[in-house]
Amino acid sequence: MKNIYLTGFMGTGKSTVAEALSDLTGLSCYDMDKLLTERFEMPISTVFEKKGEEYFRREEKDLLRSLSEKTSVIVSCGGGIVKDDENIAIMKSSGTVFLLTASPETLFERLKDDVSRPLLKGRLSVEGIRDMISERAEMYEKAASHVIETDGLSPAEIAKRIVIDATDITML
């Protein structure tokens, strides 16, 4: 069975939904941001500050490549994974890509107290989030096999929708 990749803007619930999907299907789950934090032995925001986004994106791609060699796993991707066409190709060739979306208003409510998001620095407003989503919309859509709107849904409800939408997911 192919892998399941969860993509979307920060705050759409990728990590939480990945865990709910893992509980529902029994598949192993990998959270790229958590794995990268462990690899760096520091928060991602600190990596951005000390080494820059380009360094982070190289390490992120390296991790994605290694995860893509696994089969039948769930991968919660970082919000910017789709900024690189090679990452999109890696995900599509080894799995099914689900784009989780939410309104800028919902995302603002979820993110307004989170100071660990380096790309939101100076942009943490509904308008700032809307602009960032707009900047990435084409890339998100290019990567996605399925789109699931998360507004008003629990992680368990989103996980069920993923199972329903994914014709190549076999319940274990």
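At what angle do helix 1 and helix 8 pack? Let's find out in the viewer, keeping in mind that this model is predicted.

**First stop: two helices**

Select residues 14-25 for helix 1 and residues 155-165 for helix 8. Their packing angle is about 65 degrees, and the axes lie 8 Å apart. Look at how the two pass each other: the crossing of helix 1 and helix 8 is right-handed.

Now show the side chains. On the helix 1 side you will find Thr-16, Val-17, Ala-20, Leu-21, Leu-24 and Thr-25. They meet Pro-155, Ala-156, Ile-158, Ala-159, Lys-160, Ile-162 and Val-163 of helix 8. Colour this contact by residue class and you get ten nonpolar, two polar and one charged.

Next, turn to the second largest pocket, which holds about 170 Å³ of space. To centre your view, select Leu-99, Thr-101, Ala-102, Ile-133 and Tyr-140, the closest to the pocket's centre among its 15 lining residues. Then highlight strand 4 (95-101) and helix 7 (126-143), each of which supplies at least two residues of the lining. Helix 7 gives the most, with four residues. By class, the lining of this pocket has eight nonpolar, four polar and three charged residues.

**Last stop: aromatic rings**

The structure has three aromatic pairs. For one of them, select Phe-40 and Tyr-55: the rings are tilted, with 40 degrees between the planes and 5.9 Å from centre to centre. Zoom out to see where they sit: Phe-40 belongs to helix 2 (residues 32-40) and Tyr-55 to helix 4 (residues 53-68). The two residues are 15 residues apart, so this pair links distant parts of the chain.

Terms used. Residues numbered from 1 in each chain as written. Predicted model: local features only at pLDDT ≥ 70, side-chain atom pairs only at ≥ 80, totals over all residues. Heavy atoms only, no water. 1 Å grid on protein atoms, 1.4 Å probe; cavity = no way out; pocket = protein on both sides within 12 Å on 5 of 7 lines; lining within 4 Å. Points joined across faces, edges and corners; volume = space filled by probe spheres on them. Nonpolar A, V, L, I, M, F, W, Y, C, P; charged D, E, K, R; others polar. Axes fitted to C-alpha atoms, helices over the stretch in contact; angles between N-to-C directions. Left-handed = near helix turned anticlockwise from the far one by under 90°. Contact = heavy atoms within 4.5 Å. Phe/Tyr/Trp six-rings, centres within 6.5 Å; stacked < 30°, edge-to-face > 60°.
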